[in-house]
Amino acid sequence: MDDGGARDEIGEPSPLVDLRVGPGEPGNAQFGELLERLRWKAGLSRADAADKLGLTSEYLRLLEVGKRVPALGQMRRFLSVYGANGAVEQISPQGYRQDLIVFDPLHGEDGEPTIVEFTSRIREARRRALGGPPDEEDRDDDTARRAAEVGTIVFLLTRADDGTLRKIRQLLEARID
């Protein structure tokens, strides 16, 4: 199958997105409702779910009403704790990055999955550092450069060993003091 050319290693954002979630995104409330339905289907109270997820009940409430959005990295834990049918950070056969694919309990297991894209400045910077397309084209140049720099640093830190991380922390703490 022709994928329209080479893709970067983390894939281009999928054009087939049902919800975009993140800071200031309009899909946050709908996503919160979806999380709440997944919790109900699992038969968990908010307190029990929060305990299993390692969150406070209040924070889980904020997620479920759309006031906060979990990080994409937390979604594997949500799917596992809720026993939900879904996948995190999949690349479609067409080469598109699909952040979260989850089956909504309202539509049943035979229904169409909901595709969710997570947005964040760090994520955008990481994508730029790896040569991928940005989430937002109209970014202020200084903000974009700083976000790209932070993203590159975060990307490199994920690959550093513990000794290197300790040295970097000491260096940063010395500069701040």
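A polar contact is a pair of N or O atoms within 3.5 Å; within protein, one must be able to donate a hydrogen and the other to accept it, and residues adjacent in sequence count only if both atoms are side-chain atoms. This is a predicted model, where local features need pLDDT of at least 70, side-chain atom pairs count only at pLDDT 80 or more, and totals for chains, interfaces and linings use all residues. Residues are numbered from 1 along each chain as its sequence is written, and side-chain values use heavy atoms, with hydrogens and water left out.

**Stop 1: Thr-119.** Select Thr-119 and Glu-25. Their side chains make a polar contact at 3.3 Å. Thr-119 sits in the loop between strand 5 (114-118) and helix 5 (121-129). Helices (H or I, at least four residues) and strands (E, at least two) are DSSP runs, numbered from the N terminus. Thr-119 is buried, at 13% relative accessibility. Buried means under 20% relative accessible area, exposed over 50%, partly exposed in between (1.4 Å probe, protein chains only).

**Stop 2: salt bridges.** The structure holds nine. Each is a side-chain nitrogen of Lys or Arg within 4 Å of a carboxyl oxygen of Asp or Glu. Arg-20 belongs to strand 2 (residues 19-21) and Glu-117 to strand 5, so the bridge ties together parts 97 residues apart in sequence. Arg-20 is partly exposed at 39%; Glu-117 is buried at 5%.

Next, select Asp-104 and Arg-37. Their salt bridge spans 2.5 Å, N to O. Asp-104 lies in the loop between strand 4 (96-102) and strand 5, and Arg-37 in helix 1, so this pair ties together parts 67 residues apart in sequence. Both Asp-104 and Arg-37 are buried. Salt bridges with shared partners also join Glu-36, Arg-39, Arg-46 and Glu-64 into one network.

Stay in helix 1 (residues 28-41) for Arg-39 and Glu-36, three residues apart, about one turn of the helix. Their salt bridge is 3.7 Å, N to O. Arg-39 is buried at 5%, and Glu-36 is buried at 18%.

**Stop 3: helices 2 and 3.** Select residues 46-53 and 57-64. Helix 2 and helix 3 pack at about 105°, axes 8 Å apart. Axes are lines fitted to C-alpha atoms, for helices over the stretch in contact, and angles run from 0 to 180 degrees between N-to-C directions. Across the contact (heavy atoms within 4.5 Å), Arg-46, Ala-47, Ala-49, Ala-50 and Leu-53 of helix 2 meet Ser-57, Leu-60, Arg-61 and Glu-64 of helix 3.
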